2 protein chains.
Amino acid sequence: MTEHDRKSESADRYSLRGKVFHTIREDILSGKYKQHDELKEVAIAEELGVSRTPVREAFRQLELEGLLQMIPNKGAYVTGITLKDIEDIYMIRSLLEGLCARWATKHITQEKMEELEENIYLSEFHASKGHGEQIIELDNRFHEILYQASDSKMLEHWLRDFHQYVKVARKQTLIQSERGMASNQEHRLIMEAIRDKDADRAEELANRHIINAYHNMKNKGLFIAKEE
Amino acid sequence: MTEHDRKSESADRYSLRGKVFHTIREDILSGKYKQHDELKEVAIAEELGVSRTPVREAFRQLELEGLLQMIPNKGAYVTGITLKDIEDIYMIRSLLEGLCARWATKHITQEKMEELEENIYLSEFHASKGHGEQIIELDNRFHEILYQASDSKMLEHWLRDFHQYVKVARKQTLIQSERGMASNQEHRLIMEAIRDKDADRAEELANRHIINAYHNMKNKGLFIAKEE
DNA sequence: AAATGTACAATTGTATACAATCATACAAAA
DNA sequence: TTTTGTATGATTGTATACAATTGTACATTT
């Protein structure tokens, strides 16, 4: 994990509440907890070896993210995410990653531009060698650089949010080396458009990049959480 | 507040935590608490006459929304939102409200379509009479109907989020009757495009609708929170 | 005077105790 | 048999006590 990621996650992987929050979120997104499951504070607390307090705080965050629905004095129920939800997020992300690329074209710094070029160079190397973990890490990083380069706190914030939602899906698609290669090539084109200061092209390419990732996922029949 | 709004906000305006959460959020968005202000749990708790527990839970939610930055064992600092943040949100919303209108065109039910027409009818009436409060309420409702009609839980969720951020700004722009009138006319065109099943036009119009609202705000020199 | 160490105060982090609310089961009455 | 009332248990809501951490002021040492 990069230095920035740690900060952006409010350093909260290192508190009990943070651990609880991330654990439960992972469990929901990966399908361990399914739609309509009831999560009880004491059960989770005992399972993770903590008291109810950090669990409650984590619940509140998950509720705000829409992953949990809390009924007062009754219980917490998993909202889960369906295949359609993931599809919708890809569409939303497509538009916003496009906007991000457009803004990045205007605001990117020399430093970030160089990091972007280096990222693509490395990605192509690891893709050719079939290094799965590195490919995923570099892919995440590529988008992270663009988020920062957009120079928009808001866009950055929300794109990271969307990213989280599809992380599980992305992991499984990128690991397939054909998609990894194609993805790299698309990254290169986006980078070149930004380098050439062609905002329209950058937006269009980033747009298509996400749509392609979506189609790839869909074609592979990948699915994350059971439809209810 | 409509029945749906109550549910969508997890009925939490009615718990202490909910009250604390909404109170602090309002105070940040309206500028009472400014960038870099430090919020102390006990101070807020005493001020609102509650214990630290609900305050802490509210803090966690505000942190997730990006309105508060928490430094472990140290304190909670207001992130606030700047004029640029609001501008960025308008751009983001423009794209997503467009997408929403597109999807609504495909998925809207007879019932929601009728509600939309009625909304516009009422809006024009109240605009002609200069009824400020009703205009705002109906405007909120117009967008809320579209969110629901999009048939996308995800898009609905996030558009509501964005909406919250610019609510303060919107309130001040809509209250000006010229903008209220123009806004109504734009609503009517969007509604007609949806009724005609013309998704492209609906998207384009919704897009422009938000951009127009943004320009109106900008021209009036409206500003919400001091730039840091 | 500058650097360092230490004690203390302030603040958040966590655990736990108690109150309020809700659902359920079961009994009593119609 | 159905309905209604009540007691009970389970669960969340809130308050508070205590632990851990951090920052600061001040004394001590060099």
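Helices (H or I, at least four residues) and strands (E, at least two) are DSSP runs, numbered from the N terminus. The model shown in every view is predicted.

**View 1. Protein surface near DNA strand D.** H4(B) gives the most, with 3 residues. In total, 21 residues surround DNA strand D. The closest are Glu41(A), Leu16(B), Val50(B), Ser51(B) and Thr53(B). By class, the surface has 7 nonpolar, 7 polar and 7 charged residues.

**View 2. Protein surface near DNA strand C.** Here chain A supplies helix H2 (16-29) and H4. Chain B supplies helix H3 (41-48), H4 and strand S3 (75-78). Each element provides at least two residues. The largest share, 3 residues, comes from H4(A). Around DNA strand C there are 21 residues. Leu16(A), Val50(A), Ser51(A), Thr53(A) and Glu41(B) come nearest. The class count is 7 nonpolar, 7 polar and 7 charged residues.

**View 3. Open sheet of chain A.** Three strands form this sheet, in the order S1-S3-S2, with antiparallel pairing. Strand S1 (38-39) and strand S2 (68-71) are the edge strands, and each pairs on one side only. S2(A) and S3(A) run antiparallel and are joined by 4 bridges. Within this pair, Met70(A) stands opposite Ala76(A) in S3(A). Strands of a sheet pair through backbone hydrogen bonds, either parallel or antiparallel.

**View 4. Packing of helices H5 and H10 in chain B.** Helix H5 (residues 83-107) packs on helix H10 (residues 199-219) at an angle of about 155°. Their axes lie 7 Å apart. Angles over 145 degrees count as roughly antiparallel, so H5(B) and H10(B) are roughly antiparallel to each other. The crossing of H5(B) past H10(B) is right-handed. On the H5(B) side, the contact residues include Glu87(B), Tyr90(B), Arg93(B), Glu97(B), Leu99(B) and Arg102(B). On the H10(B) side, they include Ala199(B), Glu203(B), Leu205(B), His209(B), Ile210(B) and Tyr214(B). By class, this contact has 11 nonpolar, 5 polar and 6 charged residues.

Terms used. Residues numbered from 1 in each chain as written. Chains lettered and ligands numbered in written order. Predicted model: local features only at pLDDT ≥ 70, side-chain atom pairs only at ≥ 80, totals over all residues. Axes fitted to C-alpha atoms, helices over the stretch in contact; angles between N-to-C directions. Parallel < 35°, antiparallel > 145°, perpendicular 65-115°, else oblique. Left-handed = near helix turned anticlockwise from the far one by under 90°. Contact = placed C-beta atoms within 7 Å. Nonpolar A, V, L, I, M, F, W, Y, C, P; charged D, E, K, R; others polar. Near = placed C-beta within 6 Å. Pairing = 2+ DSSP bridges.
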